[in-house]
Amino acid sequence: MKKHILLLIFFTLIISCGPKKEKKKEKFEYKRTQVEEKNDVIDDNEDQIKIVLNSYDNMMYDKKTIVVKYGKNVRLTLNHKGKIGKEFMGHNFVLLKKGINVDEFAKKATLAKSNDYIPDSDETIAFTKMLGGGESTTINFTAPESGTYTYICSFPGHYMIMRGELIVN
């Protein structure tokens with residue numbers, strides 16, 4: 001009987017010490033998406049400047065700086081390249097006048113849901129409607145006097161990340 005128990009223990013040890021099958025591990029790779037910053041300004045003619053500004057579900061614009069010339073007609077197309085609807089991840093383009101406190105403007109914007117988060121005020125130069133994933137819109141405005149102007153997305157909470165500068169020469 002002792003021999004049988006010893007043999008059983010011996011075979012159990014041999015079997016348990018044999019080659020183990022490794023569990024397949026799924027490879028997970030985190031890649032940080034980097035948006036290429038470029039200034040897609042196309043001077044079609046002497047009077048109009050075309051700009052394409054893309055926005056994404058990760059709350060980013062593809063441009064941090066846009067350069068235009070004073071007095072020129074600016075034709076800005078905003079594309080929402082994401083997939084999430086405007087109720088949850090809406091984006092717009094709001095060009096603020098010089099000297100406007102962005103934080104104060106954004107607070108007012110959160111109360112203006114019925115107006116695409118654009119407060120009824122004279123603090124903006126131009127703005128687009130709110131877009132959801134896959135949507136696009138185009139606006140026209142005249143480049144203001146020389147200087148640096150802030151543009152933001154006024155959807156609640158987005159302005160802290162989604163912002164840039166319009167530089168007028």
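A polar contact is a pair of N or O atoms within 3.5 Å; within protein, one atom must be able to donate a hydrogen and the other to accept it. In this predicted model, the side chain of Tyr-149 reaches the backbone oxygen of Glu-145 at 2.7 Å.

Tyr-149 belongs to strand S9. Its relative accessibility is 4%, so Tyr-149 counts as buried, the cut-off for this class being under 20%. When residues up to four places away in sequence are not counted, Tyr-149 touches Leu-95, Leu-96, Lys-97, Lys-98, Ile-125, Pro-144, Gly-164, Glu-165, Leu-166 and Val-168. One of these, Lys-98, is 51 residues from Tyr-149 in sequence, yet the two C-alpha atoms are 5.8 Å apart in space.

In soluble globular proteins, nonpolar side chains tend to be buried together. The largest nonpolar core of the model comprises 34 residues. Within this core, the residues with the most contacts are Val-68, Leu-76, Phe-93, Phe-141, Tyr-151 and Leu-166. At least two core residues come from each of strands S2 (48-56), S4 (65-68), S5 (73-80), S6 (94-96), S8 (136-142), S9 (147-152) and S10 (163-168), and likewise from helix H3 (102-110). Helix H3 gives the most, with four residues.

Apart from neighbours within four places in sequence, Phe-93 is in contact with Leu-53, Tyr-61, Leu-76, Leu-78, Ala-126, Phe-127, Thr-128, Ile-139, Phe-141, Tyr-151 and Ile-152. Phe-93 also takes part in an aromatic cluster together with Tyr-61, Phe-141 and Tyr-151.

A pair of aromatic rings is described by the distance of the centres and the angle of the planes. Four aromatic pairs are present in the structure. In the pair of Phe-93 and Tyr-151, the ring centres are 5.2 Å apart and the planes stand at 35 degrees, so the pair is tilted. Phe-93 lies in the loop between helix H2 (86-89) and strand S6, whereas Tyr-151 lies in strand S9; the pair therefore ties together parts that are 58 residues apart in sequence. Both Phe-93 and Tyr-151 are buried.

Another aromatic pair, formed by Tyr-117 and Phe-155, is edge-to-face, with 5.4 Å from centre to centre and 70 degrees between the planes. Here Tyr-117 is located in the loop between helix H3 and strand S7 (124-127) and Phe-155 in the loop between strands S9 and S10, so this pair ties together parts that are 38 residues apart in sequence. Tyr-117 and Phe-155 are both buried.

Note on methods
Residues numbered from 1 in each chain as written. Predicted model: local features only at pLDDT ≥ 70, side-chain atom pairs only at ≥ 80, totals over all residues. Heavy atoms only, no water. Core = buried A, V, L, I, M, F, W, Y, C linked by side-chain atoms within 4.5 Å. Buried < 20%, exposed > 50% of the residue type's maximum accessible area, 1.4 Å probe, protein only. Contact = heavy atoms within 4.5 Å. Phe/Tyr/Trp six-rings, centres within 6.5 Å; stacked < 30°, edge-to-face > 60°.
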